[in-house]
Protein chains: 2
Amino acid sequence: MSWRFALIVAPVAADDPRSDFADTLSVIDPDAPALSVGELSTQRGDGIFETIGVVDGHPQEVEAHIARLAHSASLCDLPAPNAAQWHAAVDRAAAECPAGESAIKLILSRGVERAATGLEGPTAWATASPVADMSGARTTGVRAVTLDRGLDSGAASRAPWLLLGAKTLSYAVNMAALREARRRGADDAIFLTTDGYVLEAPTASVIVRRGDTFVTPEPTGGILHGTTQLSVFDWLEDNGHSTGYEHLPAAALADADAMWLVSSVRLAAPVTHLDGADLPVDAELTAAMNAYLLSPRD
Amino acid sequence: MSWRFALIVAPVAADDPRSDFADTLSVIDPDAPALSVGELSTQRGDGIFETIGVVDGHPQEVEAHIARLAHSASLCDLPAPNAAQWHAAVDRAAAECPAGESAIKLILSRGVERAATGLEGPTAWATASPVADMSGARTTGVRAVTLDRGLDSGAASRAPWLLLGAKTLSYAVNMAALREARRRGADDAIFLTTDGYVLEAPTASVIVRRGDTFVTPEPTGGILHGTTQLSVFDWLEDNGHSTGYEHLPAAALADADAMWLVSSVRLAAPVTHLDGADLPVDAELTAAMNAYLLSPRD
């Protein structure tokens, strides 16, 4: 569990035509000091990120993650990332990942605030690290509680400065929600709007099974569009199930025939209890879903 | 404008009885790499901060800032800071500040996530740097726009995991609101609740004058309790004015006899326009207020 790898990425313009990015990627000691105290990522949580699962050295759904990084950049008025450069960074990091499961993290920060010269443009880096054994969450499942996100369903479209569809580094609330879930004896949380609709988990998407239909809250700006949820929906459709995006009332959770929290590293975790009440678990389907998510995917 | 100073603080327990903290404070090169990529401040905006104004080497309202740091730590389940240690860090940083105005920033982070060993406890640092010339904002004033914060007045008490009373590093929304204000031709923003009450500016408190009474939104969890607002209220009371905390409807802004955004570094900036409409400015009172805020205060 002790290997770890890090790369500083010197961002180039989105339309930079070069095809070799080697001299924009600098390998560093992942445990050594690397970032200045002037970093706006650390002072303001002002930047964006992606976490990519890696299985036996193969990074999963890279295209979707880099597309979402670009979407987050646009919502945050950050310079558009160069997709080919980030692909190169992911490939370089993936090459360091041993057999088994790892995670690659991409971070694009607003940059460094320097007293002398003002802001000098974005900074960026990528890390790769081993991941803890997730088999418990994938088989035994997780206990979840619903938590009020304080926002109504209309907030995202009314107030784009709330950055609700961007995967920013400002995750203090997400982390606090996970601590609150643990205080309540659960493992994870599901955020609800004040008008009673399902949003997402602090670091995962919610998928609900209703008979033979699988639904997830529509990603219309109020939540992130989950890359793993997209993959799971493709797989479900390929296996004859129907899937859909809905404006999902909280009551739909309690009535679910099954529920999962899906994310890039933990993959599909069946929800066994919601706010203390039992939920049905389909162990066989969950195992097949995770087997699919552990197969190489682009 | 190019000097800058930074200290790494090795946090000690809140009840550590020592009185000399010198060997817990390490001066570093403020522009050199100092933080690891595993920093949770940078990965998750997971930490808290304070910004302290410094005038001619005197740090202002240190007690109130360190008390608020402790309050934020409590809301974020971070270990309680050792007040004497942070005082020592502020004193050490203030000793480096030249004549004129400077700013000291204190940061307490969740710590570094290490693959090998898990979380190892909080990390912390302090910086000092020059501040830009703020005389324009203090005399000519600022144009403000109101922006929907997406949250209702009850959110803070209903959902403490939203951390609304904590000064966390997760400021991406605050920064986005300032960009939105600039897009609208203004300098700053004032957040409103969805039910139409005044909250705060992204990096300042709002004070409204109504006749001879000065009011600010009550800091009941939904906003930070401004250290500069507290100072201004003391000064106003000492000068025969009455002050109060209110649940302040947005309409009170348009009807104000004067309005200020007050904060530790910019101090008191009169609001000249709100959502494009002129507001009365009391230049004399504003000048006196800023003269007070520029005098040494503890």
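## Helix α9 of chain A

In this predicted model, helix α9 of chain A spans residues 283-293. Its buried residues are L285(A), T286(A), M289(A), N290(A) and L293(A). They cover an arc of only 130° around the axis, so they sit on the same side of α9(A). A283(A) and E284(A), on the other side of the helix, are exposed.

What do the buried residues of α9(A) pack against? Two helices of chain A take part, α4 (135-139) and α7 (227-238). The strands are β11 (205-210), β12 (213-217), β14 (258-263) and β15 (267-274).

## Relation of the two chains

## The interface

Contacts join 63 residues of chain A to 62 residues of chain B. The buried area between the chains is about 4800 Å². Carbon and sulfur atoms give 55% of that area. In chain A, V37(A), R44(A) and W161(A) lose the most area to chain B, together 18% of what that side buries.

Six salt bridges are counted between chain A and chain B. One salt bridge pairs the side chains of R183(A) and D77(B), at 3.3 Å from N to O. Helix α6(A) gives eight residues, the largest share of the side of chain A that touches chain B.

Definitions and conventions:
Residues are numbered from 1 along each chain as its sequence is written. Chains are lettered from A and ligands numbered from 1 in the order in which they are written. This is a predicted model: local features need pLDDT of at least 70, side-chain atom pairs count only at pLDDT 80 or more; totals for chains, interfaces and linings use all residues. Side-chain values use heavy atoms; hydrogens and water are left out. Buried means under 20% relative accessible area, exposed over 50%, partly exposed in between (1.4 Å probe, protein chains only). Helices (H or I, at least four residues) and strands (E, at least two) are DSSP runs, numbered from the N terminus. The arc is that of the directions from the helix axis to the C-beta atoms. Contact means heavy atoms within 4.5 Å. Buried area is the accessible area (1.4 Å probe) that two parts lose on being put together, summed over both. A salt bridge is a side-chain nitrogen of Lys or Arg within 4 Å of a carboxyl oxygen of Asp or Glu.
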